[in-house]
2 protein chains.
Amino acid sequence: MSKKILTPQEEDFPAWYQEVVAKAEMADNGPVRGTQMIRPWGFAVWEQMQQQMDQRIKQQDAMNVAFPLFIPMEYLEREAEHVEGFSPELAVVTHGGGKELKEPVAVRPTSETLFGEYMSKYIQGHRDLPMLLNQWCNVVRWEMRTRLFLRSSEFIWQEGHTAHATEQDASEYATNIHHNVYEEFMNNVLACPVLVGRKTEAERFPGATNTMACEAMMKDTKALQMATSHELGQNFAKAFNISFNDSDGKLQHVWTTSWGASTRMVGGVIMAHGDDQGLRLPPNVAPQQVVSIAIKDDAEVLDVVNKIDAELKDSNVRHKADLRTDVSFGRRATAWELKGVPLRIEVGPRDLKEGKATLIRRDTSEKQSLDINKIAAIAAETLPQIQSAMLAEATKFRDDRIKEVKTVDEAREAAQVGFGKIPWDVLGTEGEAELAKDAITVRCLQKEDGSLPKADENDNLIAIVAKSY
Amino acid sequence: MSKKILTPQEEDFPAWYQEVVAKAEMADNGPVRGTQMIRPWGFAVWEQMQQQMDQRIKQQDAMNVAFPLFIPMEYLEREAEHVEGFSPELAVVTHGGGKELKEPVAVRPTSETLFGEYMSKYIQGHRDLPMLLNQWCNVVRWEMRTRLFLRSSEFIWQEGHTAHATEQDASEYATNIHHNVYEEFMNNVLACPVLVGRKTEAERFPGATNTMACEAMMKDTKALQMATSHELGQNFAKAFNISFNDSDGKLQHVWTTSWGASTRMVGGVIMAHGDDQGLRLPPNVAPQQVVSIAIKDDAEVLDVVNKIDAELKDSNVRHKADLRTDVSFGRRATAWELKGVPLRIEVGPRDLKEGKATLIRRDTSEKQSLDINKIAAIAAETLPQIQSAMLAEATKFRDDRIKEVKTVDEAREAAQVGFGKIPWDVLGTEGEAELAKDAITVRCLQKEDGSLPKADENDNLIAIVAKSY
């Protein structure tokens, strides 16, 4: 590829991002400002994420529901701290069925309040606990500056909401989701190594007593928050009167949690792995893991591609046979490269004479000429190698750009080219406010060994500071 | 079960429906009028439908997308005939981000217009055709008289939208979806035998040149429209300027189709199969196909239930082990019966002494005392038998209530207790208007052999008339 398909990342990362989202056919702007149209390839990536995360959520015994899009304004006003966080972002429906509504309704910015009402109604005794619910849905938060997948007025997410009998149960469940759903999924499916830590009070979700986050480093060294899990204490339980009779018959408020991840993760995968030739999708999240291209319209070529197709589908590999020989080979190869398919098999009449075809890795650009009878099996074996290699590469990229620092000035400097690590005792809320002036934030607080501190652990914490999306 | 759990269907069908939806924990009313909260069991049924229908849609090469919730009002006004069908039902957002919007936006009642815009932008040449898209999403149509699952202001559906180079391609694709996605799914997954036919001009979707429907009979003998597929001719292509250069380089408008099915199908399954004890779910759509109940908290009992659980999961049966021995056995058995789980295994210490447990079919109430070492295998073998039996039962129920008639008066009478079949030449648009006064409609037009007529076939058609939801 001598011709530049995309603005190089080094030259202008935001331009690269915008172009790759368009040329890889991931998404487009919708007609109403701030809305997005997720195109087939972008949505297929999201479907992989959704399905694989949903499996993990179900393993944690949470059950899916579908609650309404419209929320009475009065619900949102009930939890003062919560509404302060959302009211400037609300979309409000004032007309329905050709008439002005007596009570305008909000389009959900989150369904927290509906879950509160539901739990209040259906939780009676201790046998109803824990109540573990989750919802995949669209939410709307009116945004002024939008960017496809990363920040849009409407996005798709999952929002988990659970109620527990004790603070400890709630805390354990939220932590468990954070590690076994989010962290595990991001490392092993998205090949995005995430730093897991607690948010500072300034960065916490309104109404939460503790917010845990997964933070990933993008190729421009900025941080992207990939998911958050909240302990809400009894705040929502009190606002929505969610109580139960404990085993001694005493009326108690429940302890709630909430946790979410969104289509923003698609942006994360693009920016954590993409290069100047386009997307690079980790095999576990690639809608097509291998594409085999018939270079020419030749009976033997088509036959070999179809055989490879059958063999790979038998091995449960997501494989696409590209038989569109009426489109030039170069154009198709470039398009699949842009779309980030992890492995390409190119089958042409010349190589076929020698019983060979070519296997190309998207992550390393490595090419191998292989026996046509072995190429499908080798491709299938290569996929897990690519998955590990991409995780290792992203981990090294990140770790090379994390600097341990000792002062606020050094932290500011480190955040220009990566993440800074600074003792929270040194930085403190004053240093945090100081960095905020340069749009640098504390992404999370970790223990010295890099692990997640509990809600009440405050000694010897390390702050990770960075610029972020 | 001597105590009546539900109002009997015979006594008051609408009351039975409302009660079973509540007591089987399927759904609840949302706080904003006309909205619904789909509860975990209801949503699990929908997830089965969604996944299995989605597989079939993908086999027809359609690709999923996610387009915005908000549509500019101007888009809806572009296709006059189309907007007439929707404007009284629109929910309109007039405020966003704390300000009044310059241009109010509609919450999508369907995404037809967004697909039109998208196709107009991305279809250039004949190689871009066919363009086969589908979307799973929520839509809003402000409704005055609502009923959970059947008619609600917000519902979840899939809407397929495709563009083709020729009228014949479009017609074949829509017909194919109608038979191989909808009809096949409803017969084989939902065990709801559907009559497939064409809509009359009066019943057609606004803007369509042909509408095909799947119509099922409910237990109260009313018809429920379970899905529709439309040929839109070049109407939308002209309104949205969707054109392509054909292989001769001549600019042509495309031919489009659309097709949809919704959460209404959940209501269909409830009303087509339910009885006075609750839901009866066909195994193919049941979130849990078998539930094994530990009657008492006894080590051996729990051990046997866990063994059955492992064995059934190994055979890919969706199985639930109910070990909640702190809740009375009777209460749990009633609850699973209400929820319509196709097979129940009851394991108690008394039977266990003789190495036995009990297997109960939900569809027939048949009970068998079986060897505990064989019961899991027998349960797994029984599921497909239940699936066929339920389809046969629903088919017989319907066929016994379809009457061939020769006059409008006879048709009116037949529609009080089932469906009437009357030659379309006899009924005609005048007879159709006559029946409409008694809320009886032509559900579809079929050929004499019961098959689907093409858009332009008009001779010797048979009208199916009924009351409907």
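## How the two chains meet

Two residues are in contact if their C-beta atoms, placed from the backbone, lie within 7 Å. With that in hand, we can look at the interface: 100% of the interface residues of chain B are also interface residues in chain A, so the copies meet through the same surface.

This is a predicted model, where local features need pLDDT of at least 70, side-chain atom pairs count only at pLDDT 80 or more, and totals for chains, interfaces and linings use all residues. Residues are numbered from 1 along each chain as its sequence is written, while chains are lettered from A and ligands numbered from 1 in the order in which they are written.

## A buried stretch and an exposed residue

Here a residue is buried if 20 or more other C-beta atoms lie within 10 Å of its own, exposed if 12 or fewer, and partly exposed in between, with C-beta atoms placed from the backbone. In α12(A), the buried residues include A:Ile375, A:Leu383 and A:Met390.

A:Glu100, by contrast, counts as exposed because it has 10 C-beta neighbours inside 10 Å. Leaving aside neighbours within four places in sequence, A:Glu100 is in contact with A:Thr94 and A:His95.

Definitions and conventions: Helices (H or I, at least four residues) and strands (E, at least two) are DSSP runs, numbered from the N terminus.
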